[in-house]
Amino acid sequence: ASAITGVLLAEAEPLARRTLRTVMSEIAARGGVIQPGSFNRLDRNEGRLIFVEEHDEQNRLTGVIILDRSDATQPFVVVAERGRFSFESETATAHLRLEDGDIHFEPEEGSEDRYRRIGFADFDDAFDMHELLGSGPTRIQPKEMGTQRILEVLDHFEASGGWAPREVRVKDKERYEIQLHRRLALPFAPFLFALIGIPLGLRRSHGARSWGVLICVGLVFVYYSLLSFGSFLAEDRAAPASVALGMPNAVFAVLAVPLLLRARRAEI
């Protein structure tokens, strides 16, 4: 179980996360982020919203309204009769090519009597989908990298005196160290659970099986609580990632030793 866990953490989990990113990009490429008949977010903080009356399989849009308040000093509304949605997966940039519409600028404070409207025949509105999709498809996060790639990034940090590679999205060395030591620590969990489970399984007291289920659930909860706490310590730079992420294993190893000794002496 420990060996399988190590393989899954090293390659399978990062691959699954990258695959999920690809699926999300494909959904966005098909215009899945725009559902007709309701307002849809174009970012996480709802600074930009879009409404369309109709949206067909060719990504053609009818009755388009865009509310843009990403710049609080100059909010505006775009209204267009029709348009087309497209998505560039390489840069995670979406394009709305609108036709026959107007841009309405909200009046500034103190000038409510002035109103601005710009009519257009064609208008290309591009927006970054990195934030909405989590991050750029071509600039993956540490948890989406294979272990070999994480080691390469950490080697670059050491060789460059603490500078991150230009092509990576996350620039904090601690994030890569956390992922590396998490993948080194978690495979030992099944082995440590077995060491603790053997002496507990030898108990012959009344109701030992019922208590065993509760103890099992409690041990799993404690282990992953310690793991989460260790991740917090490492992210906060309160402790090295190797120490913080190795803490759950150390605690369970210390707990397993006396239990095994008691089982050997038949004291359980």
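Predicted model: local features only at pLDDT ≥ 70, side-chain atom pairs only at ≥ 80, totals over all residues.

Q: How many helices and strands does the protein have?
A: The secondary structure comes to 7 helices and 6 strands, and from the N terminus on the elements run α-β-β-β-β-β-β-α-α-α-α-α-α.

Q: And how much of the protein is buried?
A: Of the 268 residues in the protein, 37% are buried. The accessible surface comes to about 16,000 Å², and carbon and sulfur atoms account for 57% of that surface.

Q: What share of the contacts links residues 24 or more positions apart?
A: Among contacts with a separation of 6 or more, residues 24 or more positions apart account for 54%.

Q: Switching to H4, what span should it have?
A: Helix H4 covers residues 173–185, and because each of its 13 residues counts for 1.5 Å, the helix should span 18 Å, which agrees with the 18 Å between its end C-alpha atoms.

Q: Which residues of H4 are buried?
A: The buried residues in H4 are Tyr176, Ile178, Gln179, Leu180, Arg182, Arg183 and Ala185.

Q: How do H5 and H7 cross?
A: The axes of helix H5 (residues 189–201) and helix H7 (residues 241–264) come within 8 Å and cross at roughly 30°. Angles under 35 degrees count as roughly parallel, so H5 is roughly parallel to H7, and the crossing is left-handed.

Q: Which residues make that contact?
A: From H5 they are Ala189, Leu192, Phe193, Leu195, Ile196 and Pro199, while H7 contributes several residues, including Phe252, Leu255, Leu259 and Leu260.

Terms used:
Residues numbered from 1 in each chain as written. Heavy atoms only, no water. Helix = DSSP H or I, 4+ residues; strand = E, 2+ residues; numbered from the N terminus. Buried < 20%, exposed > 50% of the residue type's maximum accessible area, 1.4 Å probe, protein only. Contact = heavy atoms within 4.5 Å. Areas by Shrake-Rupley, 256 points an atom, 1.4 Å probe, with all protein chains shown as cover. Expected span 1.5 Å × (residues − 1). Axes fitted to C-alpha atoms, helices over the stretch in contact; angles between N-to-C directions. Parallel < 35°, antiparallel > 145°, perpendicular 65-115°, else oblique. Left-handed = near helix turned anticlockwise from the far one by under 90°.
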